[in-house]
Amino acid sequence: MRTQIEIYDTTLRDGAQAEGINFSLSDKLRIADRLDQFGVHYIEGGWPGSNPKDMEFFQQAARRSWRHAKIASFGFTRKKGVRVEDDPQIRMLLDAQTPVITIVGKTWLLHVKEVLATTAEENLAMISDTIRYLKDQGRIVMYDAEHSFDGYKDEPDFAMATWKAAADAGADCVVLCETNGGALPTEVSRVVQAARAQLTCAIGIHTHNDAGLGVANGIAALEAGARQIQGTINGYGERTGNCNLTSVMPLVQFKLGWRGVPEESLPKLKELSEFVDEIANVRHDPRQPWVGQTAFAHKGGIHVHAIERVARSYEHIQPEAVGNYRRVLVSDMSGRTNILVKAKELGFELAADQPETRQITTGIKDRENRGYEYEAAEASLALLIRNVLEHRPAPPFAVETYHVSMRGDSRNTLCEATVKVRVGETIHHTVAEGDGPVNALDGALRTALARSFPKLQQIRLTDYKVRILDGIAGTAAKTRVLITTSDGHDDWGTVGVSENIITASLEALLDSIEYALLKK
Ligand SMILES: [Zn+2]
C-alpha cells in the first residue's frame, strides 16, 4: 500500500487573500467543480462569517453532489468569555452545512497574551470547547494551529498543549500552520516529528511562501509524517503566496512515490493550473515549475542535441506526465539541431545535411541580429522556413499601398487606416477606423482580405506587445512588435521589426494573416 496524502485546497479561501485576486460566486463554483473533478480531497470554500458571497457559495455547494472532494468551511475558535453555543460565528459555520469545518486557533503564547488579550487556560478552553461542540454536531473537524512553528520555538510546552487540546477534543487532523512563512525545512521537520510523537490524531501542514520555501516546507512535513497538506493552485495567497499545490501534487506522486490525487488526473495538471489562472484573470507564469511554458523548454544547442537523443538527460520528468510538453527554443544560442526539431514541430521535413537547413539557420541568425525574436513568434518562423523550402512562393496577397492617420479633439482620438490589397488580379480598397493605428490597420486589412478569404472572419488579434530595442548595430532605436492571433482553436505569434512602429506592426499583422491562410 502506498502512503496516502490528503490534498486540502484553500484556493478559494486563503488563495483569494492574494492581491489582485477576486473571485465571483460563479468563479468559485467553477473552480470548486474543477478541483473536485481533479480529485482533491478537500475544498475550503471560504469563511461564512466574512461575507455574504461566501455564505451563498456554501448554500449552492450544499445542493450539488461532489464526486471526490468534501467541502470545508473555515472559521475561528469561539470568542473568549462566550459559550460556544452562543457564539454567532460558530452558528454561521454550522449553517454553512459543510461536512468539514476547519477551525483556526492560537498556538503562540505571544499572540494569546498580546493579540487575544486572554490567558493560556482560556485559549486552551476556546480550542477544546469549539472542536468538541462541532464534533458533537457530526462534522469532520480540522484544527488549523496558527503560528505553530514560531509558537513552538518560543514556548514548546504551550504549543504542544494547544495541539493536544485539539486532539483530545476530537479533531480529525491537527494542521500545523507555518503562518509567517519564514521557517526552514529542517525546523518544520523537527516540529512535525515532535508533534507526531505526542499526538494520536493525524497531522497536517499548511505553509506560506514568504522565504520561497512554501513547497519545500510542505514536503519536509510530509516526509516527517504529516498526512494532509494544505495549499492553493498556482500558489495564490497573501504576500508571496501559499504552498503551491500545482507543485505538491506531482511531487507526492512522482518524487515521493505516494498517492495524492488519482493518478489519471496528473496529465491534466497544466490544464488545471491554466484554468484557475484564467478564471482569476492572472497571466499564466511561464516559469512556474512543472506546468509553466518554459518548464521543459530547451535553448542551449548542446542541450537540444542531447535531448534529441535521450530526453531524460536534461529533463527531470517526462513533460507529458503533468500535461506539459517539450519546447525547443530558437535563438542565438541554438545550433542546427534546434532548427531541425522546431521545423519538425511545425510540420516541415528537414534534414541536417540539406542546403536549405544552413540557409534557414543563417537567415534566423541574421534576423535575430536585426532585432527579431522567434520564441513567441512561431508562425513567423514557420513562414520563414516555408519560404526557403518552397523557394519564395508567391504570397497569397500583396499590400500595394496603405495610409494611417489620426485625428483628435480635447476628449477623443480616432485613427483611420486605408489599404489597397491585391489578390491575384483583384484589387480591394478598404478603410477602417480604430482606437489606435494598429487596430485600424488590422480592421482595414481583414475587411479587404475577407472578401477573397472568408476564413479570415474567424481570426482576431488577441494580444499586442511592443518592445523598444536600442543600440542594435549602432542604428536608431528599433521597435519590435509581437502579435498573438487566435481563430478560436489555436493561437499563433508573429513578429515585426522596424524603426517605425506602424511598419513593424504591419509586418507582424501580414505574417499573422498569411499564416492563418496556410494553416489547415
Ligand atoms: Zn494561510
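Two strands pair if DSSP finds at least two bridges between them, and strands (E, at least two residues) and helices (H or I, at least four) are DSSP runs numbered from the N terminus. Welcome to a predicted model, where local features need pLDDT of at least 70, side-chain atom pairs count only at pLDDT 80 or more, and totals for chains, interfaces and linings use all residues. Residues are numbered from 1 along each chain as its sequence is written, and side-chain values use heavy atoms, leaving out hydrogens and water.

**View 1. Three strands form an open sheet in the order β11-β12-β13, with antiparallel pairing.** The edges belong to β11 (398-408) and β13 (426-434), each with a single partner strand, so one side of each has no neighbour in the sheet. On average, neighbouring strands here are turned by 10° against each other, direction ignored (axes are lines fitted to C-alpha atoms, for helices over the stretch in contact, and angles run from 0 to 180 degrees between N-to-C directions). Nine bridges join β12 (residues 413-423) to β13 in the antiparallel sense. Look for Lys420, which stands opposite His429 in β13.

**View 2. Helix α16 (residues 437-450) lies across β11, β12 and β13.** This helix runs at about 35° to β12; contact here means heavy atoms within 4.5 Å.

**View 3. A zinc ion has Asp14 (OD), His206 (NE2) and His208 (NE2) as its protein donors.** Asp14 sits in the loop between β1 (6-9) and α1 (25-38) and His206 in strand β7 (residues 202-207), so the pair ties together parts 192 residues apart in sequence. Asp14 is buried, at 4% relative accessible area (buried means under 20%, exposed over 50%, partly exposed in between, with a 1.4 Å probe and protein chains only).

**View 4. Ring pairs link Trp47, Phe74 and Phe76 into a cluster.** Rings of Phe, Tyr and Trp (its six-membered ring) pair if their centres lie within 6.5 Å; planes under 30 degrees apart count as stacked, over 60 as edge-to-face and the rest as tilted. The structure holds seven aromatic pairs. In one of them, the centres of Phe74 and Phe76 are 6.0 Å apart with planes at 70°, so this pair is edge-to-face. Phe74 is buried at 7% relative accessibility, whereas Phe76 is partly exposed at 35%.

Technical notes. Donors are N, O and S atoms within 2.8 Å of the metal (3.2 Å for Na, K and Ca); water is not among the atoms, so sites may look incomplete.
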